[in-house]
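Reader: I am new to this structure. Please pick one part, look at it closely, and then lead me onward from there.

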Amino acid sequence: MFLMVNNLKKSVLFMLVILLVFTLLIPGVSADQGVKSDLKKTVVNAGRIVENIDNDWTFYKGTQGVDENFSANNFNDSSWKKISLPHTWNAEDGSGIAPNYQGDGWYRKQLDIPETYKGKKLFLQFEAANKEAEVFVNGQSVHTNIGGYLAFTVDITDYVGYGQKNIIAVRVNNEVKDSAPLQGDFTFFGGIYRSVNLLVTDKTHIDVEDYGSSGVYVTIPNDKSIEENAEVTLTVPVKVNSDDVESKSNSIEVRAQIKDAEGKVRSRIELKADGKKLKSANASGGNLEFTGTMKVNKPHLWNGTKDPYQYTVEVTVTRKGEVIDRGNEKVGFRYFSVDPNKGFFLNGKSYPLHGVNIHQDRKGYGNAVPNDVRAEDFELIKEIGANTLRVAHYPHSQYVYNKADEMGLVVWAEIPLVNTMTLTEEFSNNAEKQLTEMIKQNYNHPSIVTWGLQNEFGGNGFYTSRNASESLEEQYAAATELIDRLAKKAEELDPNRPTTHAIQGNNSRDPEGYKEVLDRHLPWNESGSIDTASFNAYFGWYYNKAGDLADYLDRLHEEHPNVPLGISEYGSGANPYQHDVIDEDFINNWDGADSRGPWQPEEFQNYLHESAWSIISERPWLWATHIWNMFDFGVAGKNEASTPGINTKGLVSHDRQLKKDAFYFYKAQWNKEDQFVYITSRRYSDRTENTTPVKVYSNLKEVTLTVSGKDYGKGRMQQPGVFVWEGVELNESGNVVIASAKKADGTNVADTVTTWKVVK
């Protein structure tokens, strides 16, 4: 009987322990703006505690009064709005007809620090806050970060009280000041729009203050040699507590191992500081860089969308054999190159890059989009069949880069140096800081292959301001100096990835004059400062005719044969509820000024993308091409296409609920697995003519059409994926339009539209 009761007690105790561990490790829920989540995320990882603190903040939009102290512990914030992170104060006005609010926003949170944290190091980890963030702890200003798109870490150890309530206050400001970006065709959303964690570590720990990075850097040679024997170099800066430095035993050890996706250890090593164990190393100041080289024989390569295989690098810090800190990083073994005449190569094979640009905002959320909502973006990117992303015009969240790693998307990441600069040392220093943060925080992502240094720099015809006292030549000299500085820093931090930039390729106001932009910017490539170049090319939309893109690209390639060239942006706007018949008259009468007007029919977007892709697909030497944009995005104060506050160049609507016709055009080109048929102009319900052309997109070989029972047979292939019929007759109402195609297995796939009618 005693044995049975004792066993029962052991079983109950065991289940309670399992339940406790499960509670500590269960993923947290990221709350929507102003909506409290009931689940608190706390992860205990071998001595390190990571506690998500997104819940239970208060918020006030406005500037602190002269006689007020919003950071004080005794300040009464009961009238402030209760919110959860991620949060922006521009969720609504960030995509409206009026300019969005730019100024201060204040956040406050009560943080309980238990007595058990005494003797530990405590940090606040902000994934991002736009654009300037000043952090207060119990009324004291402890850190100010300038730069709105990257993570930063704040040491709060010496400012908190243990076993008591602490007040965290953050003043965030999204005004344009002396840091990049100064301007851009996108909303500068304000707020703490990504998550915040409380990090608790041992006094000896992997350095988490190294420009907001994880503190674990994994270098894999960008070379064919990794196919047989990959030499992996690890660099891990460690903050070593003085007690451990002075201890006679010097028992601190830093070890690392690499596991494959199945969990098998493929290599392990003890890392050393200057080739020595701690007792022999120079640990003055307590900052040591531990390094070591591991070998992985015949690694399974990360091979783009075909096979995005990843390994895990685990780094542990131990004291007398007990793990006191740990860092895990996913990595991928791959090598790549860019040839000016043959394009992009991945793992030694030609791998043409075709994909999309993305911004980070979404209707109803602004830029504060929870990860479970953002996941839909990647489902749409997968559906369209893109294999590359340009994440514009600033660094995006770790979630975005992690998803790219998992899906095999090749990524162009860039800093927000957009259009203009100032001539102050503060501006240049901050630009370099943002570049350093971007590279260090994203160093281990296999998806990232290039660091972008600028977008349309000087594209307005000046580099500082329209009314600058400096001459254009003086401005250009300053811009060249900054670009050279950034390029050298990127090379120093990461010699395995090339740099790139997005050049404004033309301009509707002065097409010929903008040859000067090319003459100023491509020398940065010719001199070896920047490795590759791409162009924001909007032929047929802002300037010229759609077909002129071909001669433009060929001339650039001929005049700059040693520079890898690509297209960083191309496309056009479209209101999916505006429609027209795109004939020669429409095309010839379109003017660049119309692109900023109230009329952007969906069919014209289709025409321009069809034309651009027919030109791009015949030029395999383009190292990468990116559509602008995958999604409509917010531009507060903009008013085009009768959609106030929205840039309409997306293939998908701002709320992600509507895929425009052009989405299916590219799906027909890039996605060969999900076989489909799609009738274009489906929302063009009210027509004025009894006869109409019909266009269908499909990734099948042949498509047939019937309209109200009449068989129009197989469509003429305008170009791959595009089938057309002329002179299709419509009834005044009751039309049933059916397009169908046969799969290889003999089954049919079809699309039907029943809303078309003739209104005279």
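Author: Start with the helices α3 and α4: their crossing is right-handed. Keep in mind that this is a predicted model. Two packed helices are described by the angle between their axes and the distance between the axes. For α3, residues 371-384, and α4, that angle is about 35°. The axes of α3 and α4 are 11 Å apart.

Which residues of α3 and α4 meet? From α3 come Asn371, Arg374, Ala375, Phe378 and Lys382. From α4 come Tyr399, Val400, Lys403, Ala404 and Met407.

The loop between β26 (388-391) and α4 (398-407) holds His393. The peptide bond from Ala392 to His393 is cis. Its omega is about -20°. Another cis bond joins Ala180 and Pro181, with omega at about 0°. Pro181 belongs to the loop that runs between β10 (164-173) and β11 (196-201).

Now look for positive phi values. Asn347 is not a glycine, yet its phi is near 55°. Find Asn347 in the loop between β23 (343-346) and β24 (349-350). Is Asn347 buried or exposed? Buried means under 20% relative accessible area. Asn347 has 7%, so it counts as buried.

Glu456 is another non-glycine residue with positive phi, here about 50°. Its loop lies between β28 (448-455) and α6 (472-493). The relative accessible area of Glu456 is 16%, so Glu456 is buried too.

A pair of aromatic rings is described by the distance of the centres and the angle of the planes. Tyr463 and Tyr476 are 6.0 Å apart, centre to centre. Their planes make an angle of 50°, and the pair is tilted. Tyr463 and Tyr476 are both buried. The structure holds 43 aromatic pairs.

Other rings gather in a group. Tyr538, Trp541, Tyr542, Phe586, Trp590, Phe604 and Tyr607 make up one aromatic cluster. Tyr538 has a further neighbour: Lys649 lies over the face of its ring. The distance from Lys649 to the ring centre is 5.8 Å. Arg656 is placed over the face of Phe631, at 4.0 Å from the ring centre.

Next, the strands. Strands of a sheet pair through backbone hydrogen bonds, either parallel or antiparallel. Take β20, residues 311-319. How many of its nine residues are buried? Eight are, and the strand is mostly covered.

Strand β20 has partners to inspect. With β15, residues 252-259, it pairs in the antiparallel sense over eight bridges. Strands β20 and β21 form a hairpin with two residues between the strands. In this hairpin, Lys320 takes a positive phi near 50°.

Four strands make an open sheet in the order β35-β37-β41-β40, with antiparallel pairing. Which are the edge strands? They are β35 (677-679) and β40 (716-719), and each pairs on one side only. From one strand to the next, the twist averages 35°.

Follow β35 into the sheet. Three bridges join β35 to β37, residues 691-698, and the two run antiparallel. Ile679 finds its bridge partner in β37 at Val696. In a regular strand the side chains alternate between the two faces of the sheet.

A helix covers this part as well. Helix α11, residues 661-670, lies across β35, β37, β40 and β41 (722-729). Helix α11 runs at about 50° to β37. Compare that view with the place where we began, the right-handed crossing of α3 and α4.

Technical notes
Residues are numbered from 1 along each chain as its sequence is written. This is a predicted model: local features need pLDDT of at least 70, side-chain atom pairs count only at pLDDT 80 or more; totals for chains, interfaces and linings use all residues. Side-chain values use heavy atoms; hydrogens and water are left out. Two strands pair if DSSP finds at least two bridges between them. Axes are lines fitted to C-alpha atoms, for helices over the stretch in contact, and angles run from 0 to 180 degrees between N-to-C directions. Contact means heavy atoms within 4.5 Å. Buried means under 20% relative accessible area, exposed over 50%, partly exposed in between (1.4 Å probe, protein chains only). Rings of Phe, Tyr and Trp (its six-membered ring) pair if their centres lie within 6.5 Å; planes under 30 degrees apart count as stacked, over 60 as edge-to-face and the rest as tilted. A charge sits over a ring if NZ of Lys or CZ of Arg is within 6 Å of the ring centre and within 35 degrees of the ring normal. A crossing is left-handed if the near helix is turned anticlockwise from the far one by less than a right angle, and right-handed if clockwise.
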